Every structure is written in C-alpha cells, then in structure tokens.
Amino acid sequence: MNMSGDIRVKTDKKYRNLYNDLRNLAVGDMHELFFLCVCLGYRAKKMKPLDSNGEERFWSRTITPEEYACYYAIMLEKNSMDLSSTRDDKLVIAEMEKYANGGIEILLKDFLNEYCSADYKLDSAYSKELPKALLYFIREQF
Amino acid sequence: MILEKITMKDFRQFQGIQHIEFASETKSDGKNVTVIFGENGRGKTGLFRAVVFALYGERRLSQDEEVQQKELYLVNSVAMEDTKTYGKPVEAYVELIFQHKNEQYTIKRILLGIFDRDERIEQPDQVTLSHTKTDGNTFTINDPEDIKKIINNILDKNVKEYFLFDGEKIQRLTLASIEQKKEVAKGIKSLLNVDALEKAIKALQRLKKELNTELSKRATGEYAKILHQQNQLDEKRNTLKTRLEEIESEYTLLNIEKKKIDTLLEEYKEISHLLKERKDAETQLKSQEEQAGNLLSEMKSRTAKASQLLISSTIDHVFDFIDQKKQKGEIPSEIRKDLIERILDVERKCICDRPVLPGTPEQIALIRWKNKVSDVELEDSALEMWRSLSSIKNYREDISGVIETLLQRYAVCKNDIEKLRKKTESINEQIGASERKDAADLEKTRENIEKKQIEIEAERMTTKNELDAVESEYARLSPQRKKLEKEENFKNELSLRAGLAEDTYKALQEVYSRFTEEIKSRIAIEANKYFVQLLDKEGRETLKNILVNNDYSLQIIDRWGKPFLANISLGQRQVMSISFIAALAKVASMDSILEMPLFMDTPFGKLSYEHRKNLIKYLPGYCAQWILLATDTEFRKQEASFLREGKRWGKFYVLRSEGPGVTTIQERDIEEVQYLLQENIGEN
C-alpha cells in the first residue's frame with residue numbers, strides 16, 4: 001500500500017457547495033465524506049466521470065490507512081483480484097473519484113432531497129439533525 | 001382660598017346645570033361648615049373630582065391608582081348617550097368661584113365628550129380664569145400655563161391633598177414614600193413661604209460670585225491671591241452642593257426601583273414553587289440539549305467508520321483472497337521473484353553451481369516459478385492490506401453496536417427534551433406570563449441596587465466631608481481677607497458690596513436655618529395641641545406627642561418616649577394627619593386661621609365615636625371653611641346634633657338619585673336635618 005499523500009483528490013465542480021455543507025453539518029472531514037460517497041457508489045456499482053476533470057477538493061495525505069485499504073480492496077475486486085491494479089495510486093484515486101461522483105448522486109436522490117436547494121446548498125435551519133439522519137440512512141443500506 | 005360656589009354642567013352624575021354655594025366665614029353669618037349628604041354612589045366623590053378638576057385640570061384622584069385612565073369618565077353618561085342620537089359632542093364643565101386674599105377668582109374648565117363609533121372619547125377644552133381685584137377691575141386669563149402658575153401660588157398642587165382629601169385616605173400622608181415626602185416638603189415650603197427664603201439665598205449666592213469675580217480682576221498681591229482662593233472654593237462648594245443634590249435624587253430613584261422590585265417579589269412569593277420547578281426543568285432541558293449536541297457530534301465522527309459497513313462484502317471478499325494466497329504460501333512467495341530473475345538473466349547458474357542454460361529443463365522450470373510469484377512490492381502491499389482489512393473486520397460488530405447505541409441514546413434524549421419543554425410550557429401557563437423576569441433576576445437587580453446605594457452613601461459622606469472642608473477653608477480665609485482689606489485700606493465700592501453680599505448671605509442662611517427649625521417646632525407644638533383635643537381618652541394615655549421631621553414627615557412618640565407611628569390605628573392616623581394639617585394652616589397664616597378650605601370626602605368612616613365627636617366639635621374652629629361630603633352611615637342624627645351645637649353649620653345639601661347615572665343637588669334647611677337622617681345605633 002503506497003498510500004500516496006501528494007495527490008489532489010477531485011470531485012465534481014457542481015457539488016462544491018454540497019461537499020462543503022455536508023462536511024460542516026454532517027460528517028466532519030472531506031476525506032470521510034469522500035469515503036462515504038465512494039462506498040455508496042461502489043455498492044451500487046455506479047461510476048460517474050467528473051465534468052471537465054473535476055475540481056480539486058483535498059489532499060490524499062488526509063486519507064486514513066483503513067480508507068486506503070478499502071480503496072485498494074475495491075480496485076482488487078473490480079479487477080478480478082489483480083494485485084497490479086493497486087500499484088498506481090493516481091489510478092486508484094481516479095477510479096474512486098468516479099465512484100464518489102456516483103455515490104453523491106445516490107445521496108442526493110435518496111437522502112438529501114428534503115434538505116437541499118436547487119443549487120445543491122443545504123439549509124442549515126433544517127440540517128441540525130443531519131448527522132443522525134445520515135447515520136440512519138447508512139444503516140438502512142446494510 | 002375660600003370656596004364660594006361650584007357650578008357643574010353634565011359632569012359625572014350631575015346632569016344639566018347644577019350648583020352648590022358653600023358656607024364661609026367671609027359671609028355675614030360667620031358660618032363655615034357645609035355638609036353635602038348622600039348615600040354611596042350618589043356623586044360625593046364626583047363633587048370632590050369636580051373641585052380638583054376645576055383647579056388643576058386633573059382627571060384622576062390619588063385613590064384612582066388602580067383605575068385605568070380609559071375607564072374613568074367625567075362627562076355625564078346619560079348626556080353622552082344623547083350624543084349618539086344628535087351626533088354633537090357634550091360640553092361638560094365645572095366652574096368654581098373662590099376668594100383669596102379678598103380678591104375673587106372664577107375658574108372654568110370645559111371638557112368635551114363624544115363617541116367615535118363605540119369608543120367614548122373625552123377631551124379637555126378651554127380653561128379660563130377671571131380675577132377680580134380689590135379695586136373692582138377684572139382680568140381674564142386664558143393661557144393654561146399662566147392659570148396653572150396662579151392656582152399653584154394660591155394652593156400648591158403638591159399640598160392640595162392636605163386641604164382637599166378623602167377622609168379615609170388622609171392617613172396615607174403619614175405613610176408617604178420618600179419621593180412623595182420630597183414633593184410634600186416642597187409644597188409645604190411654598191405654603192410657609194420658606195421657598196422664598198431659599199430663592200433669596202440662591203440669588204445672593206449668584207450676586208456674591210459675580211462681585212467676587214469682578215473684584216479679583218481688579219485686586220493685586222496677597223489680597224488678589226486670597227480672593228482667587230475664595231472664588232475657587234466658592235466654585236467648588238457649588239459643585240459639591242449640586243453633586244449632593246444629584247446624589248439625593250439618585251438615591252431616591254434607586255429607592256423607587258427597589259420598592260417596585262419588592263412589590264414584584266411579593267407577587268413572586270405566591271408562585272415561588274412554580275418558579276423553582278421551572279428553573280429545575282430549564283436546567284435539565286439545557287443539560288439534555290447539551291447531551292443531544294454531543295451525541296450529534298459523536299455521530300458525525302462515526303460516519304466514516306459506518307461507511308465501511310457499506311462495502312463489507314468487498315472487504316470480506318478481498319480479505320479471503322489474500323488470506324488464501326497467504327495460506328497457500330503464494331504470498332509471500334517461497335522464492336523471491338528477483339532471485340529467480342538473477343539466476344536466469346545474470347548468473348546463469350543455480351545456487352549449487354549447476355548451469356541454467358536456455359532451453360534446458362532447469363531453465364523452463366525456473367521460468368514457470370518466476371511466472372507464479374508476484375513482485376515484492378505488490379506482495380508487501382497485499383500483506384499490509386490484509387492486516388488493515390483484518391482490523392476492519394474485527395471491529396465491524398463494535399461499530400454496528402456503537403451506531404445502534406448512539407441512535408437509541410439520541411432518541412431517548414429527544415424524548416426527554418420534548419417532555420421537559422412541555423413541562424416548562426405548562427408551568428409558564430400556570431405562572432401567567434412567561435416573559436416576566438424571574439425572581440432570581442429581581443433579587444440580583446435588588447442586590448445591585450443595594451450595592452449602588454452603599455456606593456452612593458459612601459460618596460455622599462465623602463462629598464459632605466469635602467464640603468465641610470471647603471466651608472471651613474473658606475471661613476479661615478475670610479478674616480485674612482478682611483484684615484488685608486483693612487491694612488491696604490481697600491475700600492472701593494466693589495469690595496464693600498462684595499463684603500455686604502457675603503455678610504447678607506451668611507445672615508440669610510442663619511435666618512433660614514433658624515426659621516425652618518422654628519417653623520417645624522411650632523408646627524409640632526400646634527399639632528400636639530390639636531392632637532390632644534381630638535384624640536380619645538385611651539389615645540391620650542398612650543400617645544405622648546407628634547414630632548415633625550426635617551422633611552416635614554411625621555412621627556409619633558409614645559408615653560415611654562419611643563417612636564410609635566407603626567403601631568397606631570387608622571383612626572388615630574387620620575386624627576394625627578388632621579392635627580398636622582390644622583397646625584400647618586395655623587403656622588402658615590401667622591397664628592390666625594389660614595384662608596384654606598378643608599374639603600373632606602368621607603370624613604368619619606374610620607373614626608370612633610369619641611374621635612368623631614371631637615372632630616365635629618373642634619374642627620370648625622381650626623379652619624376657615626369645612627366642607628364635608630358624608631354618607632348616611634357616618635353622618636347621622638347624633639353627628640348632626642353635635643354640629644348644630646357648634647353653631648358654625650351654614651349649608652346643607654342632599655344628593656338625590658333621579659335614576660341611573662343622574663343625581664340632583666337639593667339644598668335643605670338645617671332644621672329639616674333631623675327628619676332626613678338615621679338614628680345612631682349602639683354608639684354613645
């Protein structure tokens with residue numbers, strides 16, 4: 001596990017507000033939110049390329065070893081357990097970005113619709129209990 | 001002031017135009033007592049209101065404290081109903097004719113009443129005062145401010161309650177608050193002309209300052225130095241005196257505030273248990289809300305771990321794959337790939353020196369080995385991944401448990417919060433007004449006020465000491481100044497005038513101090529004389545004498561020389577107040593009878609038989625005019641008989657009801673009284 005720390009992890013530009021609001025109101029750190037989106041996207045096998053290569057969101061050095069382990073595991077499973085598919089972290093992260101982009105769409109569709117405005121901005125007045133609601137949502141997916 | 005006649009039009013119960021002529025000493029018969037008799041609700045207090053309204057334009061009496069302004073109507077209700085038919089406003093008025101210092105005054109105040117839809121509106125209109133001087137010339141004044149000044153000069157508004165009062169409430173004068181006492185003291189000073197003396201002292205002070213300033217500009221040497229010092233001291237003295245006055249005002253305001261808080265705190269006593277319950281509920285609510293906040297924060301920090309559960313199957317799948325490879329010995333490889341490559345490509349011989357040449361079975365076997373093993377980096381990575389995934393798998397159950405617990409604890413917490421909110425709402429409903437300040441807040445404010453009062457008290461002491469020091473320094477310099485004036489033969493007109501102003505100022509202060517002391521002592525002496533006359537036997541045995549305090553408030557001393565005011569009965573308080581008023585009137589009129597009416601509403605309500613008898617016997621002799629507004633239960637055959645015996649009773653009016661909201665005033669002969677009044681039962 002190389003776990004490269006010098007990669008700028010990207011997300012779709014149009015979800016900038018949403019990532020920022022969710023980070024502040026529901027999750028904690030950007031890498032954690034990204035991880036959640038990857039997990040949701042991969043679970044649903046939903047990959048979505050980023051528009052015009054996306055927007056840099058955070059440094060890969062903030063990704064924890066456990067999260068990295070999960071990303072490598074996804075790569076392995078996706079590539080018929082070919083260990084060489086985990087060799088290039090840039091490639092791994094690029095794949096994860098696509099899953100995260102698919103995952104955030106699932107979040108929007110199945111969970112955030114009542115909290116979110118058309119420009120993907122969360123209404124803080126209604127979002128006080130978002131951490132609880134998000135945890136419920138994750139639990140329901142098990 | 002001697003009241004001669006009052007005329008009312010559509011005022012209170014008095015529909016149409018009605019009038020009363022008062023008995024007064026100024027008339028030839030020398031009779032000065034008027035009795036206006038009526039059962040409750042017939043308009044006695046309305047008449048009292050009419051006098052106060054005519055003189056001061058005041059709609060409210062002191063007994064109206066708890067009555068809303070909106071609920072108090074002065075215009076006759078029956079006449080007002082007629083406006084609904086005709087649509088014109090009702091013009092009500094009161095006209096009062098009185099004499100003062102042999103000159104006649106007629107004051108007339110108009111009040112307009114109209115309905116605006118269903119709302120009843122009363123609006124003060126014109127006021128006029130006609131003043132006929134002794135030479136027969138009459139002047140009419142229409143400016144309300146000028147009228148106010150003239151009336152206040154005749155009977156100061158601040159002391160009106162000493163002459164125009166509700167008999168049952170007169171005892172309140174002995175209970176006056178600090179701020180009321182200040183106002184009353186101001187009024188009494190005006191009545192006794194003490195305020196004129198105060199004004200003269202102030203004027204002299206100003207003159208002295210001007211002369212000294214002028215003098216110091218012209219003076220030289222040591223004399224100039226002393227003058228300069230004295231001017232500065234004078235300046236400082238004035239500043240300190242002003243500050244002392246400000247301190248007094250601040251102290252009074254703080255006292256008012258403290259009293260308000262005390263009244264509120266009294267109310268809070270009744271609901272203190274509810275306030276405590278609410279406070280407890282609010283504390284618990286705060287703690288539960290904090291707990292809910294903490295749980296939400298904890299949930300935020302658990303999201304990433306919870307997310308791992310979404311890809312549990314992938315984690316298991318990959319873990320099993322690596323684990324199997326490990327178990328088969330494929331990871332790590334039995335022979336490292338880099339070693340086989342070295343044998344094949346560089347050494348071309350085995351570790352045992354056996355040659356490995358292309359195409360030989362040895363080379364083919366080694367190539368097969370090489371293809372089977374992964375490179376070192378990937379193997380290491382896979383092993384690290386295996387360890388991480390193993391750890392994730394191990395705490396998977398823990399994380400599920402933690403999530404469940406967090407969600408459950410949050411639900412319980414929210415439920416508790418809801419219950420506590422409902423409880424607080426219910427308590428607030430019982431309390432009545434949830435926005436009211438809590439007793440604890442009030443207690444805190446009260447404590448702050450007391451602290452502030454202690455600070456002010458300390459400042460008052462310091463300022464007083466400073467003032468004493470300034471006065472003494474000023475006095476020390478005065479002989480030096482006079483000596484220098486003498487030595488230098490400094491006798492120009494300016495210095496003589498300044499000296500004269502200084503001496504007069506001192507003399508007037510001395511006069512003021514002696515005069516006020518003498519006045520207070522004379523009021524006390526006179527009040528005691530009346531008090532002894534009016535008091536019943538038992539009271540005379542217990543109570544020794546009345547003291548007049550510096551602020552003209554009263555104290556009573558018992559036979560053992562102890563203050564006893566708090567313990568006397570309402571009737572005794574009433575007698576004490578009347579004695580004080582009579583004394584005040586006597587002192588103000590320089591030992592004759594003060595030209596002031598005693599206008600008493602419900603005069604005998606709280607008085608015992610002997611007190612009534614004494615009052616009826618002696619009061620007509622104490623005052624220039626006595627007007628009694630009496631009910632059927634307090635003015636009966638016996639009271640009337642005592643009054644007739646005194647031979648000062650001149651006029652008798654009866655207030656008769658002519659249906660709801662209408663009373664007529666009927667004058668009756670005093671001889672008819674016996675047929676109209678009730679017998680006294682059980683009193684002797």
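This is a predicted model: local features need pLDDT of at least 70, side-chain atom pairs count only at pLDDT 80 or more; totals for chains, interfaces and linings use all residues.
Colleague: Why is E1(B) described as mostly covered?

Modeller: Eight of the ten residues of E1(B) are buried. A residue is buried if 20 or more other C-beta atoms lie within 10 Å of its own, exposed if 12 or fewer do, and partly exposed in between, with C-beta atoms placed from the backbone. Residues are numbered from 1 along each chain as its sequence is written, and chains are lettered from A and ligands numbered from 1 in the order in which they are written.

Colleague: How do you know that E1(B) pairs with E2(B)?

Modeller: Two strands pair if DSSP finds at least two bridges between them. Six bridges join E1(B), residues 2-11, to E2(B), and the two run antiparallel. Among the partners in E2(B), Glu21(B) faces Lys5(B) and Gln18(B) faces Met8(B). The hairpin of these strands has two residues between them, and there Arg12(B) takes a positive phi near 50 degrees. E1(B) also pairs with E4(B), in the antiparallel sense, over seven bridges; Leu3(B) has Phe98(B) as its bridge partner in E4(B).

Colleague: What makes E2 and E7 of chain B edge strands?

Modeller: Six strands of chain B form an open, antiparallel sheet in the order E2-E1-E4-E5-E6-E7. Strand E2 (14-21) and strand E7 (138-141) each pair on one side only. From one strand to the next, the twist averages 15 degrees.

Colleague: Which strands does helix H1 of chain B lie across?

Modeller: H1(B), residues 44-56, lies across E1, E2, E4 and E5 of chain B and runs at about 75 degrees to E4(B). Axes are lines fitted to C-alpha atoms, for helices over the stretch in contact, and angles run from 0 to 180 degrees between N-to-C directions.

Colleague: Why is H15(B) called oblique to H18(B)?

Modeller: The axes of H15(B), residues 493-534, and H18(B), residues 609-622, come within 8 Å and cross at roughly 140 degrees. H15(B) is therefore oblique to H18(B). Angles under 35 degrees count as roughly parallel, over 145 as roughly antiparallel, 65 to 115 as roughly perpendicular and the rest as oblique. Tyr530(B), Gln533(B) and Leu534(B) of H15(B) make the contact, with residues of H18(B) including His611(B) and Tyr622(B).

Colleague: What makes a set of residues a nonpolar core?

Modeller: The set must consist of buried Ala, Val, Leu, Ile, Met, Phe, Trp, Tyr and Cys residues joined through C-beta atoms within 7 Å. The largest such core has 99 residues, of which Val51(B), Leu96(B) and Leu584(B) touch the most other members. Helix H17(B), residues 570-588, gives the most to this core, with eleven residues.

Colleague: How many residues link chain B to chain A, and how do you know that they are in contact?

Modeller: Two residues are in contact if their C-beta atoms, placed from the backbone, lie within 7 Å. In this way, 30 residues of chain B are in contact with 35 residues of chain A. The largest share of the chain B side, ten residues, comes from H8(B).

Terms used. Helices (H or I, at least four residues) and strands (E, at least two) are DSSP runs, numbered from the N terminus.
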